[in-house]
Amino acid sequence: MTKGLFGIILRGKRKFGEIMQELKNLAQWGVNIDDIPAEGLWVEFEDLKELNADLKIVKPFSGYLKLQKMGIEVEIKGHLKGSLEMTCDRCLEPFEFSIDKDFEVLLIPKKTLDFEEERELTSDELEVSFYENSFISYSEILHEEIILSLPFRKLCQPDCKGICQICGTNLNQRVCKCSKIKKDSPFAILKELVNPADKNI
């Protein structure tokens, strides 16, 4: 069933949205390495709304994957475009993060790894990923590329002012009085908390 389905994608150039219902009947979205022809495999996708539960997709992803088999290794070149909802690390507000990237990854069978040998990975080896049981999961590849695209510090805008550590006000939206109180005196905030009636006592 898997082989036939992806044959349809190649010959008819059907988009991902058109075959989504058929894909729901598959355990995984991918291809067996033995089914990749010598000339390579081209897969287009669009309207991709689900990849992993940890991703909140705002604009569905579209793009393509080009697979080229080289013995037991598979070189993948692709493009990915879409956007996610993320939470700003400074102001804690949700924002949309766009991804539009080309990528290349070399897949090798996980069984070829020597787990007993400990050594430092080179920069080239960091671009290597792995597959198991001769099956390549497109979902896993795309999910990994999205994760690699995320910034270390997630900001809604480069100059995000964050939130006030005292009252929790989003400083991008309005200015609170806490900054003035802190400049006056470290104990000045206590004066603001005193009831006006108590000042006459």
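This is a predicted model: local features need pLDDT of at least 70, side-chain atom pairs count only at pLDDT 80 or more; totals for chains, interfaces and linings use all residues.
**Notebook: contacts, core and pairs**

Residues are numbered from 1 along each chain as its sequence is written, and side-chain values use heavy atoms, with hydrogens and water left out.

**Entry: elements and surface**

I took helices (H or I, at least four residues) and strands (E, at least two) as DSSP runs, numbered from the N terminus, and the protein holds five helices and seven strands. Read from the N terminus on, the order is α-α-β-β-β-β-β-β-β-α-α-α.

For burial I used relative accessible area, with buried under 20%, exposed over 50% and partly exposed in between (1.4 Å probe, protein chains only); of the 201 residues of the protein, 31% count as buried. The protein exposes about 13,700 Å², of which carbon and sulfur atoms supply 50%; accessible areas come from the Shrake-Rupley method with a 1.4 Å probe, and for residues only the protein chains shown count as cover.

**Entry: the nonpolar core**

I then looked up the nonpolar core, meaning a set of buried Ala, Val, Leu, Ile, Met, Phe, Trp, Tyr and Cys residues joined through side-chain atoms within 4.5 Å. The largest one has 33 residues, and those with the most contacts inside it are F61, L67, I76, I136 and L142. At least two residues of this core come from each of β2 (41-48), β3 (57-70), β4 (73-87), β5 (94-109) and α3 (138-149).

Which residues does I76 touch, not counting those up to four places away in sequence? I listed L65, K66, L67, F103, E104, V105, L107, I136 and I141.

**Entry: aromatic pairs**

Rings of Phe, Tyr and Trp (its six-membered ring) pair if their centres lie within 6.5 Å, and planes under 30 degrees apart count as stacked, over 60 as edge-to-face and the rest as tilted. The structure holds three aromatic pairs. One of them joins W29 and F45 edge-to-face, at 6.0 Å centre to centre and with 80° between the planes. W29 lies in the loop between α2 (20-23) and β1 (30-32), whereas F45 lies in strand β2, so this pair ties together parts that are 16 residues apart in sequence. W29 is buried at a relative accessible area of 7%, and F45 is buried at 2%.

The rings of W29 and Y138 have their centres 5.3 Å apart and their planes at 80°, so this pair is edge-to-face. Because W29 lies in the loop between α2 and β1 and Y138 in helix α3, the pair ties together parts that are 109 residues apart in sequence. Y138 is buried, with a relative accessible area of 0%. I recorded W29, F45 and Y138 as a cluster linked by ring pairs.

**Entry: salt bridges**

With a salt bridge taken as a side-chain nitrogen of Lys or Arg within 4 Å of a carboxyl oxygen of Asp or Glu, I found three in the structure.

K49 pairs with D47, the closest N and O atoms being 3.9 Å apart; K49 is exposed at 51% relative accessible area, and D47 is partly exposed at 37%.

K59 pairs with E96, with the closest N and O atoms 3.7 Å apart, and this pair links distant parts of the chain, K59 in strand β3 and E96 in strand β5, 37 residues apart. Both ends count as partly exposed, K59 at 49% relative accessibility and E96 at 39%.

E145 pairs with K101, the closest N and O atoms being 3.0 Å apart. E145 lies in helix α3 and K101 in strand β5, so the pair ties together parts that are 44 residues apart in sequence. Is E145 buried or exposed? At 6% relative accessibility, E145 counts as buried.

**Entry: S137**

A polar atom of the S137 side chain lies 3.2 Å from the backbone nitrogen of E140.

How values were computed. Contact means heavy atoms within 4.5 Å. A polar contact is a pair of N or O atoms within 3.5 Å; within protein, one must be able to donate a hydrogen and the other to accept it, and residues adjacent in sequence count only if both atoms are side-chain atoms.
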